[in-house]
Each structure stands twice: as C-alpha cells, then as structure tokens.
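The structure comes next, followed by the text.

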Amino acid sequence: MPESSPETHVIDFRAAEQLLAARDPRGAIRLLDSVITAHPENTAARLLRARAFFLAAQLRPAELEFQIVLEREPDNAFAHFALGRTLERAGRSEEALRHFRLAAALEPRPEFIEAARFARDTGDGARDQGHPNRDPE
C-alpha cells in the first residue's frame, strides 16, 4: 500500500468530491475516512463526509459529522441546513426546524427560507408557509 502524504490526501479529497457528484457516496466515504484520520481538524473533509453519509442514508453518522462542523463553524449556514435535512429525514422535525431557521437567518437563500417555513408573500396577497421536503444537495 502506498504511503499517505498531504498530496495523496488532497487527491483523495478531490476524488471523493467527484464520487459524490457521481452519486457514489459510499466510495466517497471510503476515501474521506483516511483523509479525516490523518487530518481530523479538516472541516471541509468532514462536511463532505457528512454529505456523503446523508446521501448514503447513514443518518446518525451524518448528524454527528454535521455537528462537528457546527462546533467549529457555528455560522456555517449550509451545515445548519443539511443537519436540518438529516434530522427531518430521521423524523425529528422539531429539531430540524431550529437548524433550518438558523440557516435562513445566517444566509437568506431561497431554499433555506423555504425549509425554515417562514411565511412569505406569494404576490397575490396570500401567505405561503414553505415546503420542507428536499435533500440538502
């Protein structure tokens, strides 16, 4: 087995991104495990692995990774949003809503606002409450 180096970890990280884009989350997880073992402080690798866990329907590991990311970066709107999706998928809607609202407050992107179920004007005088059932991708 070849020796690991910072360069091979960068290559593994980039390859994991490609695998995730190709919808191979388990392959991405395998590559990221060695990167995170060598660099546990690497928040980008943890966020990518959390996304891979989510897409592989491994909700508990996804939740744990998103929580680690948020401990390090409490203002990471995407991590709050993705943790919300993970909790929602696990049937924990109350907890999910809190993270959706934090995401929307930190970064008012339309999908974050919609997931947070903040009422918004639909243009015809009606109020729309949003629709929370989408994947974080």
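A salt bridge is a side-chain nitrogen of Lys or Arg within 4 Å of a carboxyl oxygen of Asp or Glu. This is a predicted model, in which local features need pLDDT of at least 70 and side-chain atom pairs count only at pLDDT 80 or more, while totals for chains, interfaces and linings use all residues. Residues are numbered from 1 along each chain as its sequence is written, and side-chain values use heavy atoms, with hydrogens and water left out.

By the salt-bridge rule the count comes to ten. Among them are these:

| Salt bridge | Closest N and O atoms |
|---|---|
| Arg-46 with Glu-65 | 3.0 Å |
| Arg-92 with Glu-63 | 2.8 Å |
| Glu-111 with Arg-109 | 2.5 Å |

Glu-65 lies in helix H4 (residues 59-72); helices are DSSP runs of H or I with at least four residues, numbered from the N terminus. Glu-65 has a relative accessible area of 5% and is therefore buried (buried means under 20%, exposed over 50%, partly exposed in between, with a 1.4 Å probe and protein chains only). Arg-46 is buried as well. A network of salt bridges links Asp-33, Arg-46, Arg-49 and Glu-65.

Glu-63 is also buried, at 5%, whereas Arg-92 is partly exposed, at 27%.

Helices H3 (residues 43-55) and H5 (residues 77-89) pack at about 25°, with axes 11 Å apart. H3 is therefore roughly parallel to H5, the term for angles under 35 degrees. Axes are lines fitted to C-alpha atoms over the stretch in contact, and angles run from 0 to 180 degrees between N-to-C directions.

Technical notes
Helix = DSSP H or I, 4+ residues; strand = E, 2+ residues; numbered from the N terminus. Parallel < 35°, antiparallel > 145°, perpendicular 65-115°, else oblique.
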